[in-house]
Amino acid sequence: LSVSTAAALQQTYGMRAGINSNTSIYVTDSSPANEARYRSRFYFNPNSITMASGNAHYLLYGLTGNGVVTVRLEFGWSGTSYRIRAAASNNSTTFTTTPWFNISNAPHYIEIDWRAATGTSTNDGNLTLWIDGTQRANLTGINNNTRRIESVRFGAVAGIDSGTRGATYFDAFRSSRQSYIGP
């Protein structure tokens with residue numbers, strides 16, 4: 001994991017995640033504080049990373065104070081295209097997942113909006129995913145009222161396969177409690 005001008009997608013420097021093993025490499029944002037709503041946006045470039053068909057790994061984890069994954073963003077390769085999907089867990093740690101969405105081998109900005117349910121039986125938790133400013137998915141009806149985000153991991157967070165090697169680029173990470181962040 002390094003900071004480099006080559007990884008710059010919006011600013012002078014960007015984050016380069018050089019993947020040469022199955023070991024996770026990421027930064028942690030510990031600023032979320034018992035968040036019932038969490039929004040995040042960042043720029044991502046697959047940068048021609050080599051991936052075997054069906055390989056995938058996580059780019060972002062939103063975690064509870066006990067380290068339980070509450071929201072996650074996954075990057076993969078279908079054999080013909082790079083792709084992105086998001087997922088949110090319920091109170092029992094069962095994930096509701098969006099479909100995969102193909103992305104090109106170019107910079108993209110990705111944004112998520114995660115919300116905990118407002119009560120024990122309301123089942124109104126949700127997760128919305130945008131790619132390049134277009135809403136691609138909106139998961140609703142999630143029973144996740146006990147979930148709160150206390151930290152976020154960002155980079156090549158987990159699940160790196162042996163067929164994945166190379167470097168991906170990240171830039172301009174932002175997070176918020178409420179409003180759409182946009183480009």
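# Exercises on a predicted model

Phe42, Phe44, Phe75, Trp77, Tyr82, Phe154, Phe170 and Phe173 make up one aromatic cluster. The model is predicted: local features need pLDDT of at least 70, side-chain atom pairs count only at pLDDT 80 or more, and totals for chains, interfaces and linings use all residues. Residues are numbered from 1 along each chain as its sequence is written, and side-chain values use heavy atoms, with hydrogens and water left out.

## Exercise 1: aromatic pairs

Solution. 

Step 1. A pair of aromatic rings is described by the distance of the centres and the angle of the planes. Rings of Phe, Tyr and Trp (its six-membered ring) pair if their centres lie within 6.5 Å; planes under 30 degrees apart count as stacked, over 60 as edge-to-face and the rest as tilted. The count by this rule is ten aromatic pairs.

Step 2. Phe154 belongs to strand S13 (residues 151-158) and Phe170 to strand S14 (residues 166-176), so the pair ties together parts 16 residues apart in sequence. Strands (E, at least two residues) and helices (H or I, at least four) are DSSP runs, numbered from the N terminus.

Step 3. Phe154 in strand S13 and Phe173 in strand S14 are 19 residues apart, and the pair links distant parts of the chain.

Step 4. Accessibility uses a 1.4 Å probe and protein chains only: buried means under 20% relative accessible area, exposed over 50%, partly exposed in between. Phe154, at 7%, counts as buried. Phe170 is buried too, whereas Phe173, at 27%, is partly exposed.

## Exercise 2: charges over rings

Task: over the faces of which rings do Arg72 and Arg83 lie?

Solution. 

Step 1. The criterion is that NZ of Lys or CZ of Arg is within 6 Å of the ring centre and within 35 degrees of the ring normal.

Step 2. Arg72 lies over the face of Phe95, 3.6 Å from the ring centre. Arg83 lies over the face of Trp100, at 4.2 Å from the ring centre.

## Exercise 3: the seven-stranded sheet

Task: give the strand order of the open sheet and describe its edges.

Solution. 

Step 1. Two strands pair if DSSP finds at least two bridges between them. Seven strands form the open sheet, in the order S1-S2-S14-S4-S10-S11-S12, with antiparallel pairing.

Step 2. Strand S1 (2-4) and strand S12 (134-142) are at the edges with a single partner strand each, so one side of each has no neighbour in the sheet.

Step 3. From one strand to the next the twist averages 25°. The axes are lines fitted to C-alpha atoms (for helices over the stretch in contact), and angles run from 0 to 180 degrees between N-to-C directions.

Step 4. S1 pairs with strand S2 (residues 14-19) in the antiparallel sense over three bridges. Ser2 stands opposite Arg16 in S2.

Step 5. Ser4 also lies in strand S1 and is buried at 16% relative accessible area. Contact means heavy atoms within 4.5 Å. Leaving out residues up to four places away in sequence, Ser4 touches Tyr13, Gly14 and Arg16.

## Exercise 4: Asn144

Task: is Asn144 buried or exposed, and which backbone atoms of Arg115 and Ala117 does its side chain approach?

Solution. 

Step 1. Asn144 lies in the loop between S12 and S13. Asn144 has a relative accessible area of 0% and is buried.

Step 2. A polar contact is a pair of N or O atoms within 3.5 Å; within protein, one must be able to donate a hydrogen and the other to accept it, and residues adjacent in sequence count only if both atoms are side-chain atoms. A polar atom of the Asn144 side chain lies 3.3 Å from the backbone oxygen of Arg115. The side chain of Asn144 also reaches the backbone nitrogen of Ala117 at 2.7 Å.

Step 3. Not counting residues up to four places away in sequence, the residues that Asn144 touches include Ser89, Asn90, Asn91, Trp114 and Gly125.
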